[in-house]
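Here is a short report on one protein chain. Please keep the sequence and the model side by side while reading.

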Amino acid sequence: MNFKMIVVLLGIAAVPVCVQAQDLPKASKAAKPAKPAKPAPATTVAATVKTISGDKAKIQTYCDIGKLGSQIEDAEQKKDMNKIDELNKRMDEMATKLGPEYAALLTRLEEIDPDSQEALEIRSALETLDKLCAK
């Protein structure tokens with residue numbers, strides 16, 4: 001899974017959050033002071049990768065998500081929104097099988113500067129999982 005694929009996945013992960021935010025009553029949308037983003041501890045990143053890499057079913061799911069990401073890129077080039085929606089739903093369903101830590105990791109990657117040391121560490125960890133897909 002390359003960086004472009006990760007960005008696509010992050011966009012997909014953000015959709016449910018955006019939809020949920022739109023459903024909130026106006027009173028709860030009151031401006032709140034922004035909290036500084038907390039860095040993902042290296043142990044969390046390592047533990048997430050270890051959890052996925054230690055489970056053959058999760059490795060397969062991770063690899064299948066990567067394949068769906070490639071299909072989404074193809075559908076985007078063809079501007080096939082129905083196909084994109086269908087693939088996004090399948091990807092969301094599959095991502096839940098990887099656990100909340102994986103979803104949190106992708107969310108964190110979306111929140112931080114893509115050129116930061118933390119982003120590089122997360123991408124490096126995900127590349128470790130990508131290598132398992134090449135087998």
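In which hand, left or right, does α3 pass α4? The crossing of α3 past α4 is left-handed. The details of this pair follow below, after an overview.

**Overview**

The model is predicted. The protein has six helices and zero strands. Along the sequence the pattern reads α-α-α-α-α-α. The chain holds 135 residues, and 33% of them count as buried. Accessible surface comes to about 8900 Å². Carbon and sulfur atoms own 58% of that surface. Now take the contacts in the protein with a separation of 6 or more: 67% of them join residues 24 or more positions apart.

| Pair | Axis distance | Angle | Source |
|---|---|---|---|
| α3 and α4 | within 9 Å | roughly 165° | |
| α3 and α6 | within 9 Å | roughly 95° | |
| α5 and α6 | 10 Å | about 140° | |

Start with α3 and α4. Their axes cross at roughly 165°. Angles over 145 degrees count as roughly antiparallel, so α3 is roughly antiparallel to α4. On the α3 side, the contact is made by Thr61, Asp64, Ile65, Leu68, Gly69, Gln71, Ile72, Ala75 and Glu76. On the α4 side stand Lys83, Ile84, Leu87, Asn88, Arg90, Met91, Met94 and Ala95. By class, the contact of α3 with α4 has nine nonpolar, four polar and four charged residues.

Next, α3 and α6. Their axes cross at roughly 95°. The range from 65 to 115 degrees counts as roughly perpendicular, and α3 and α6 are therefore roughly perpendicular to each other. From α3, the residues are Ile59, Tyr62 and Cys63. They meet Leu126, Leu129, Asp130, Leu132 and Cys133 in α6. The contact of α3 with α6 divides into seven nonpolar, no polar and one charged.

Last, α5 and α6. Helix α5 covers residues 100-111, and helix α6 covers residues 117-133. They pack at an angle of about 140°. That angle makes α5 oblique to α6. The crossing of α5 past α6 is left-handed. Tyr102, Leu105, Leu106, Arg108 and Leu109 make the contact from α5. Glu118, Ala119, Ile122, Arg123 and Leu126 make it from α6. This contact of α5 with α6 counts seven nonpolar, no polar and three charged residues. Leu126 of α6 is listed in the contact with α5, and Leu126 is also listed in the contact with α3.

Where does threonine 48 sit? Its place is in helix α2, residues 42-53. Is threonine 48 buried or exposed? Buried means under 20% relative accessible area, so at 4% threonine 48 counts as buried. Which residues does threonine 48 touch, leaving aside its neighbours within four places in sequence? The contacts are Glu101, Tyr102 and Leu105. Tyr102 and Leu105 belong to α5 and also take part in its contact with α6.

Alanine 104 lies in helix α5. At 45% relative accessibility, alanine 104 counts as partly exposed. Alanine 104 and threonine 48 are 56 residues apart in sequence. In space, their C-alpha atoms are 9.7 Å apart.

Lysine 79 lies in the loop between α3 (56-77) and α4 (81-96). What is its backbone phi? Lysine 79 has a positive phi of about 55°, although it is not a glycine. Most residues other than glycine have a negative phi. Exposed means over 50% relative accessible area, so at 69% lysine 79 counts as exposed.

Aspartate 85 lies in helix α4. At 40% relative accessibility, aspartate 85 counts as partly exposed. Isoleucine 72 is one of the α3 residues in the contact with α4.

Conventions. Residues numbered from 1 in each chain as written. Predicted model: local features only at pLDDT ≥ 70, side-chain atom pairs only at ≥ 80, totals over all residues. Heavy atoms only, no water. Helix = DSSP H or I, 4+ residues; strand = E, 2+ residues; numbered from the N terminus. Buried < 20%, exposed > 50% of the residue type's maximum accessible area, 1.4 Å probe, protein only. Contact = heavy atoms within 4.5 Å. Areas by Shrake-Rupley, 256 points an atom, 1.4 Å probe, with all protein chains shown as cover. Axes fitted to C-alpha atoms, helices over the stretch in contact; angles between N-to-C directions. Parallel < 35°, antiparallel > 145°, perpendicular 65-115°, else oblique. Left-handed = near helix turned anticlockwise from the far one by under 90°. Nonpolar A, V, L, I, M, F, W, Y, C, P; charged D, E, K, R; others polar.
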